[in-house]
Amino acid sequence: MTDHELIWRIAGGSGDGIASTSQNFAKALMRAGLHVFTHRHYPSRIRGGHTYTEVRVSADPVKSRGDGYNFLLALGDSFARNPSEGAYYGNEEIKPLSENLDELVEGGVIVYDSGLLDPSEIEDFDERVEENNWHVYDIDLRTIAREHGREVMRNTAGVAVTCAIADIEPDVIKSLMSDAMPDKILEPNLTVFDDAYEMVQEEFDVEAPDIQAPTGEHDEEQVLISGSDAIAYGAIDEGCRFIAGYPMTPWTEVFTIMTQNLPELGGISEQVEDEIAAAALAIGASHAGAKAMSGSSGGGFSLMSEPLGLAEITETPLVLVEAMRAGPSTGMPTKPEQSDLEHVLYTSQGDSHRVVFAPGTAAEAYYQTRKAFKLAYEYQIPSIVLYDQKLGGELSNVPASVFDEEPNADLGSVLTEAELEEAPHDDSGKYQRFQHDTEHGVSPRSLPGQKGGRYLATGNEHMPAGHISESPENRVAQMNRRMQKVDTIRAELNDDDEFNTVHGDEDADLGLITFGSQQGTVEEAADVLNEKGHSVKVLGVSEMMPFPKQQVTDFLDSVDEALVVEMTASAQFRGLIQKELGGYGDKMSSLLKYNGNPFEPLDIVEGFETALLEGEELPDNRTKFVPKVGE
Amino acid sequence: MSAFSAIGEETEEDQNEFTPGLEPQPTWCPGCGDFGVLKALKGAAAELGLSPEEMMVTTGIGCSGKLNSYFNSYGFHTIHGRSLPIARAAKLANPGLTVVAAGGDGDGYGIGGNHFMHTARENHDITYIVFNNEIFGLTKGQTSPTSPMGHKSKTQPHGSAKTPLRPLSMSLNAGASYVARTAAVNPNQAKDIIVEAIQHDGFSHVDFLTQCPTWNKDARQYVPYIDINESEDYEFDKTNRSEASEMMFETENALHEGTVLTGRYYVDSDRPSYQQEKKRIGEMPEEPLAERYFDDSYEWERSFDNFLDKHK
């Protein structure tokens, strides 16, 4: 966090409107020319439970949550269940204030709703305020809200107070409220806003603000987008008009966005009985000639294992998305982790051959989802977009031009009826759908209903016309052809795309390697380390299968040592690198985090100093260090 | 012009069209009831004037799963229990296809039971033929969901302690709009029922009794059989849900007492299919989705024009 940033944390109860208020706040500041990045923390609860959203605001591009934050708006949990201290979950009502103090930086601001919260319930509150030089504003937001509207409008009052204290032009927020709110509630909300704003101006000395929100300007038009939005839009722009799914956090976001938008695009969404059916429906629709997808989170994806293998052996194009959360089993449903990596790479019986991308940003999520569709339909292979609750839910500003691309509804390697007339058939007239010797391993498919295209698709090993075969020669020919597609895709990725990113000075001595959603945070940590005088560069890997062996080898060869950063407990990603490269275990150590919260840049800075610079032990158990092989 | 010209194509009524000209020939055991299903399906398809390439037959795993190896059409031999979700989606993507799903009693009433229940509930416009031999045949004779109580097998050496599942009652309660039972030993009725099932606009469930002479030697050959719609001993209205329910209950009990009852049990011709319902609420396109990908004049929508404004 720099001195010129506002990192605003709005905390309350689950169901208090924290998410929508913070989204509007972030969008308003984006419209004002600033760069924004949000981080959500929420419990797996229906109503109640402490939740917060952090909005990081800067004049310069931001790609991660910050280290700590400097402005707390504590609203109080209006759905709190048990106020007694001995309760399993503690006194929940006070949590929006008490739970957020540890990460508030020195000199930070606290605004709390004195209508709901009493800081005397927090041990040492006054001492901590003094020690950290926090500026505390106790404001009865509830009463302000009640006077002109309803209690729920205390969120608006809190935003107004934020503007008054951090010197944010009220019109920035009010014009967004006018766009976002229906007329009926707009008027009382604007009155609540003005009242709260004026009250702070009158009662507090805000001439010299404690925190000054930055001001800025964008080079081009921006949109506020989540990873889930970007995945859904990537699918739509590739002509995906069929989705099947079953609700599961956090994959539900992509499913919902698709389901709400597909009808107006003449598409079909099916909410079905379980994830086995969901994956099977996507296969059935794709087989019949629609561009189709499904997806889930860890538990549901487990159920998709068998259909996934069916898509591999029948060479049915299939796009799945997997939104990881902390496991095993139900784990922590609303908390991010990256520990489904091996599961997604290898699940289902037999030798897996599939494409797996793990995008690092919302823009990458859009591009890589599009590429996942292109590869799936051209090479008749499953493509999986692997992300997590962090990337799916966090909002950031992305140039609108990222999405200004032509749609592509091409079905890939499919023959028309005219082409089928020229294609090889067996003596009974069946189309040789699975020919042995084809260019790049791809044997073009026909679709049910086409004249001259009939064949049998089967999960058994099969001969060119599709019939079941256990002939050794045929088996080897078909396996080799299917596996060859992965090599061809690797070559295509090497030639065409730059999904993996390198950040920092090419000649740096030390490396940080990460994958997927941690990329932005690791890059920020590298910037901090380089400012401190170290020589560090970052490799963010998105192509998990087929693995970019050459690029990772080159990166590792170019540094003395590397720290692999991932949200797993068993260093799965480092294991993947060692497996794919056949070594380098003596050059890589690991920094792991699996406590439910994504890395902050400072976690990585500290881990790096411990690991590679022989610094002190890690300060606490938030992260875990695993040394190199042989140490 | 359709990219799928086999759909709706004029054809001559010739059931040999549905016999593959080459191998594979059926590998079912001599005397197996599965031959009866194959014959009835060929006869029904020919009678309906269907062409092989407008039909898609999906199957599960088991002896029954080989049906589409021996039936000349588009086929998808899927995985155990999953023929229905694949069939449903193909029909949604290209409603012009005639979609028939098939599998055994273990496949449909056991491992795939959840799909059976929900496909019936949703009333998808497909036909589902369950080869019911009251046994697991391909894996050599284990007790299945429809095996009678007390049935002994290598996996139930002391006889099954479980009452058999009631396939007809389950289908009705789940929401199927056409429910029938036929038997391999009754080829004319079987063909007629499959013709009706394919013609029916909604989910048609045919519980097809297929004797297994190899692994279920103790079981009936399902003869003699009685057609409840023809017999004067059984009076009920197949369009009346509660009368159908009673008739099914009686039929399921009778089977284990040695009386084989078959026929049409429930027919609801008024209920719209799922596809019709989905169109009614505006969640399914009027034109087949699969055709759109071949329409060069179609202007594909994109997120930049349709959705980005709300993010600005």
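User: What are the ground rules?

Analyst: This is a predicted model, where local features need pLDDT of at least 70, side-chain atom pairs count only at pLDDT 80 or more, and totals for chains, interfaces and linings use all residues. Residues are numbered from 1 along each chain as its sequence is written, chains are lettered from A and ligands numbered from 1 in the order in which they are written, and side-chain values use heavy atoms, with hydrogens and water left out.

User: How many residues of chain A and chain B are in the contact, and what makes a contact?

Analyst: Contact means heavy atoms within 4.5 Å. Chain A contributes 78 residues and chain B contributes 63 residues.

User: How do you know what area chain A and chain B bury?

Analyst: The size of an interface is often given as the accessible area lost when the parts come together. Buried area is the accessible area (1.4 Å probe) that two parts lose on being put together, summed over both. For chain A and chain B that comes to about 5800 Å², with 59% of it on carbon and sulfur atoms. On the chain A side, Ile268(A), Glu273(A) and Arg454(A) lose the most area to chain B, together 11% of what that side buries.

User: Why is the pair Glu301(B) and Arg241(A) called a salt bridge?

Analyst: The rule asks for a side-chain nitrogen of Lys or Arg within 4 Å of a carboxyl oxygen of Asp or Glu. Between Arg241(A) and Glu301(B) the N to O distance is 2.9 Å, so the pair qualifies. Across the interface of chain A and chain B, the rule finds 7 salt bridges.

User: What makes a polar contact, and how many residue pairs have one between chain A and chain B?

Analyst: A polar contact is a pair of N or O atoms within 3.5 Å; within protein, one must be able to donate a hydrogen and the other to accept it, and residues adjacent in sequence count only if both atoms are side-chain atoms. Between chain A and chain B, 36 residue pairs are in polar contact, both residues at pLDDT 80 or more. Helix 10 of chain A gives the most to the side that touches chain B, with 8 residues. Helices (H or I, at least four residues) and strands (E, at least two) are DSSP runs, numbered from the N terminus. The side of chain A that touches chain B divides into 35 nonpolar, 22 polar and 21 charged residues. Here Ala, Val, Leu, Ile, Met, Phe, Trp, Tyr, Cys and Pro count as nonpolar, Asp, Glu, Lys and Arg as charged, and the others, Gly among them, as polar.

User: How do you know that strand 15 of chain A and strand 2 of chain B pair?

Analyst: Two strands pair if DSSP finds at least two bridges between them. Strand 15 of chain A and strand 2 of chain B have 3 bridges, so they pair, in the parallel sense. Ala457(A) has Phe76(B) as its bridge partner.

User: Why is strand 13 of chain A called largely enclosed?

Analyst: Buried means under 20% relative accessible area, exposed over 50%, partly exposed in between (1.4 Å probe, protein chains only). In strand 13 of chain A, 7 of the 7 residues are buried, so the rest of the structure largely encloses this strand. In a regular strand the side chains alternate between the two faces of the sheet. Both faces of strand 13 are covered, with Ile384(A) and Leu386(A) among the buried residues on one side and Val385(A) and Tyr387(A) among those on the other. Strand 11 of chain A pairs with strand 13 in the parallel sense over 7 bridges, and Glu322(A) stands opposite Leu386(A). Strand 12 of chain A also runs parallel to strand 13, joined by 3 bridges.

User: What makes strand 3 of chain B enclosed?

Analyst: In strand 3 of chain B, 7 of the 7 residues are buried, so this strand is largely enclosed by the rest of the structure. Strand 1 of chain B runs parallel to strand 3, joined by 5 bridges. Strand 4 of chain B is likewise parallel to strand 3, with 5 bridges, and Gly104(B) stands opposite Phe131(B).

User: Why is Glu134(B) called buried?

Analyst: Glu134(B) has 1% relative accessibility, under the 20% limit, so it counts as buried. Phi of Glu134(B) is near 60°, a positive value in a residue other than glycine.

User: Where is Tyr222(B), and is it buried or exposed?

Analyst: Tyr222(B) lies in the loop between strand 6 and strand 7 of chain B. Its relative accessible area is 1%, so Tyr222(B) is buried. Tyr222(B) also has a positive phi of about 60°.

User: Which residues does a cis peptide bond join?

Analyst: One joins Met545(A) and Pro546(A), with omega about -10°. Another joins Val223(B) and Pro224(B), where omega is about -10°.
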